[in-house]
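Dear colleague,

Please read them with the coordinates open beside you.

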Amino acid sequence: MWCRFKKSRFSKMSSFFSVAALLLVTQTAFSKASLFTQQRSIIDAIESRKSILLCELTVANPDDYFVTWLYEGDEIVNNQRRFVEEGKLFIQKVNRSLDSGSFQCKATLKNDTSKFNLNFPVKLNIKWIEINNIVLKSPPSKSGIYPGVDVSLKCGIDGKPRPRNVTWLLNNAFIQANETVIISKSRLTLRNVKLQLLDGSYNCCAVYMNKLRCSTDLYHLNVIDVSKPVLVKRPPEKVFAAKGSVVQLDCVFTAQPKPKIIWTTEDSKQLTNKSKQGECRRRCIYPNGTLILRSFRAGQADRYICSAIQLDKTAVSVDTQVVLATISHFKLSEKTENLEIGRNFEYVCNDVESNPPNELTWMKDGKVIDPTGHVSQFDSMLVIDHAKQSDAGVYTCIRKNIAGSVMFNLTLKFPVPPVVGVLESKRCDEGQNVTWSCPIQSQPFPSVIWYKDEVKLTSSIRMILSKGDLTIVNVVKSDEGSYYCKAINFAAEGNSNKARLFVAENLKFFPPLEDVCIKSEGMSFVTCGVSGANSPNIIWRQIGGGEMPETVLNGSSLSLVFKNPTHSQSGEFECQVTEDESISVSLSKRIQINVVDLPVIIKSPHDETAYDGDTVKLPCTSADNSGQVVWKHGEHIYRYSSVQPFSQFKVMPNGTLELPHVTMSDAGMYTCSYQVCEFIVSASATLQVFPQKSDEITPTDNRTPSGGNTNQLIQTIALSVSGGIAYVLITVALIVYFRGRHRKKRSNKATAEEERMLNGSSRNGHLHSNHNDDDIMMENGIPMSVLSHLDPDIENLQYPSSNIEAVTVIGKGEFGEIFLSKAPGLFPHLEEDILVMVKTLDTQNENSDVMEAYRSEFNHEINALHKCNHDNVVKLLAISGKSSSYLKPDCLITEYLEWGILKLCLQASKQGTIPKFTKQNKMSICCQIACGLEHLAKHGLVHKDIATRNCVVSSQLLVKISMLGLSVEGFENEYVKHDGRLLPVRWMAPESISHYQFSSQSDVWSFAVTCWEIFNLGRFPYDHLTDEEYIKSSKQGEPAALPPLEGSKRFTSLITKCCQISPTNRPDIKQITKKLQTITGEGELPQTVQADVTNDREDE
């Protein structure tokens, strides 16, 4: 009694302390949890569907914490099924056996990891349903279903919440319960069954989450008629057999009287025993109907038919297909990969061809991988979370079926820090080749970087970097210096010693001696310089005799001095060099020196103002018509030719450029130039073109059209007045007749004007034209309203602005912001709303003139997007605005692809968070961007900012060029403030950086950089240079070259061609598209392809 009392008192005291401790823990947890927003402790989820758990902090500075998640108290390690991103826990496929525990959010201070808070535990209420086959509960098998027995079936539908209202169907008709048919929960009982009365196909259904769910497989019930053969035991419909194995096919029928059993093949050939009585060596058939095939071989694979023959010769048959089982070997039987301490590792075991399908097992040291450890198997993937030193070793992937098993060995190693040996100094003569091999001992083989005088080297035609070797081709004196190599792998990095390259300079002319022209006025020098000799002796001589000009010696060079030379002093001269005291000539070269007169323009062009349809002549005449005149206007070049090319503009023999019937697109600067040798003189003039006006002439700069002569102006006005009076009289007489035609003419003119507007400039976004007609018209007083019209059919694209649901800002422009948004009802045929991009026009600007200009350019961009209908250009879906008129939209809506910005996807592929992009994927992406650019160029549009950040991509790797200015937001480091503008200089052509000139050829340069980005998975171009260094090299006419692509000589060659300094030397985008379609096999191949497109194919 005392013991029981003492135990009871002790239990009460224990309970008291437990409750107190629980209260204390609860109070502590509550104080910690107060850091988080309140959320439910149980969250509904559906098995095999995606679920997201949120963790939101209530503190003022949530960035001071980093967030992790715990499951059953252990920190969750990211993998493909379950991972943490931006504080949220993503479960890609909920599993009721793996996710039924408690989840907790943990917030840890970044500056003090010992301080952390835990949120209240959260559990998933996982809803699931399983639909299995109907099960026969009694009798034990179908062979026991005779007339008079009770048959019980169980429905195979189960789930959480439990399905309710189970109903049964026979031959697709609902069954009503009665005395012989009893339905109880999930069971159906048929009492005292009778022959054929309740035979048929049974099915069951139940209500789950307000939906009717039915079993997919039917249960076929047949009450056995003992007078007919009934199949009691049958072979499977398909049997897989390994070569050399024993195949047993059971075929048992019951009937009264007992039937005769025979076996046949598909060609109706009856099988007989191939063995003696009492033996079974090859093939035998037993009296009960069992067929045995021993030492099975491929020739025995066939369809086998078992038949029960009754006395009346009727037969009941059943067949089975016997298939030879196979399994192929792995293409690679072994591979070695590297681990990093603390990092995650994943490796997928490739499938092999097999029949039937094989099963996969990962093993290490003869033991199957424990699925609960940090080393586990997920489907066919080997997963290692936070690799440890003990994880190194050989892992075996075994794929097995009844044909056998095949194995693949994966050896995992931790990298060994590289050990770099001694690099020897070298000596050579100019013109020789030099090779260094970086002396490395490392596992795995590291990446190697070479340096010269502390400057990183990049591979080029002369400097070849390959697998740790540095080869300098055709060495020159400037290659002399200090060299060393750096080896880097996962473990560490190491440097070699610094080795010197000593170069013995050859005797040569420096600078190179070439033919030269000198001017006939003033003083000119022609210098013969020598390098590679200590005390060279240099002499000049004139071939064919004649008076030699004076010479001036300056160190290792001797210059000819021409003072006001005449044409008679032109001729062939030879420079001879001897070394030291040598008598024989060591080096000599002849050059031609020509004395020329400088070209002089005696009649220069002047700035002109004209109207649409006028003829303009721009003079440019030289003093003696020496040389040939060349006119330039934008990208166009005009020369005189006796056979004039097919062109609107013509150059006269005296150098005058004739422009008949000018239009507003012909406005701009015209430059003429004459050249004699390298001497060039030029003159420029600006042409302004206004729309035709009938009532008055109002030039904005007090210049008269097409000539500037006052008398001509008076005559023009007099003629215009006389013509105007006559026109008025005729119009009054015929006004009714001409009214309809006049309206039609105005309508056609407005349409033509709008098409010219389409090729205007766009300040915001990246869509631009080769001509700036809009700017010229605005500068000359043309009303902004003329430029603001939208295409009439755009009215059909109106969408209510109140329906737009902004999700997040993805870009900012001059006019407003770009949102990732939802637009309910925009796609009525889809069940769910998909994401779109919305670009807004900020209408809060108080300056009405500025606002009107912004409105004009915003409408211009809408027109351009509407006309650019192409699979690889983002499409205009709708417009919306607060105004009831469609002519003043505030938003334009374009499509958005589900994977989003291409650059982010490339970087994600590089990090392994999405599948790796294959080489074929990369080539296809480049080809699609080229197709989009070709479409823009066809419409005369220039993008100005082609880059992976301005392309979007779908999950099917469909790529589209965006023109809405996605770039700056999130990619600030890729834009540089240059000349007062924020520019993507690393993607810009030299002429765009130096002179802010953009064209379709500058887009080709940007396209080449974009291709390099794609093949390097979003790598920053020219990352070895600062912005200032790149801009300086570009302005000096020697822009840095992009490093060659590994494993793709064709694309390296294409990028090199696209990055030519002169725009005229770059291929046009149409050529590029044809070439890429040839490489990738996309699109129709042309019958003939230009040589520069096809000659650089190579085997890869």
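Lys274 sits in the loop that runs between β24 (260-265) and β25 (283-285), and in this predicted model Lys274 is partly exposed, with a relative accessible area of 46%. Together with Lys269, Arg282 and Arg297, Lys274 forms a patch of positive charge on the surface.

Turning to paired charges, the count comes to 35 salt bridges. One of them joins the side chains of Arg96 and Glu47, at 2.6 Å from N to O; this pair links distant parts of the chain, with Arg96 in the loop between β6 (88-91) and β7 (102-109) and Glu47 in the loop between β1 (42-46) and β2 (51-53), 49 residues apart. Arg96 itself is partly exposed, at a relative accessible area of 27%.

A salt bridge also connects Glu430 and Lys508 (2.9 Å, N to O). Glu430 lies in the loop between β40 (426-429) and β41 (434-437), whereas Lys508 belongs to strand β50 (residues 508-509), so the pair ties together parts that are 78 residues apart in sequence. Glu430 is buried, with a relative accessible area of 11%, while Lys508, at 26%, counts as partly exposed.

The side chains of Asp479 and Arg462 likewise meet in a salt bridge (2.9 Å, N to O). Here Asp479 is buried, at 3% relative accessible area, and Arg462 is partly exposed, at 28%.

Finally, a network of salt bridges links Lys903, Asp945, Arg949, Glu974 and Glu1013.

Technical notes:
Residues numbered from 1 in each chain as written. Predicted model: local features only at pLDDT ≥ 70, side-chain atom pairs only at ≥ 80, totals over all residues. Heavy atoms only, no water. Patch = residues over 30% accessible without salt bridge, like charges linked within 9 Å, V, L, I, M, F, W, Y side chains within 5 Å. Areas by Shrake-Rupley, 256 points an atom, 1.4 Å probe, with all protein chains shown as cover. Salt bridge = Lys/Arg side-chain N within 4 Å of Asp/Glu carboxyl O. Lys, Arg positive; Asp, Glu negative; His and termini not counted. Charge placed at Lys NZ, Arg CZ, Asp CG, Glu CD. Helix = DSSP H or I, 4+ residues; strand = E, 2+ residues; numbered from the N terminus. Buried < 20%, exposed > 50% of the residue type's maximum accessible area, 1.4 Å probe, protein only.
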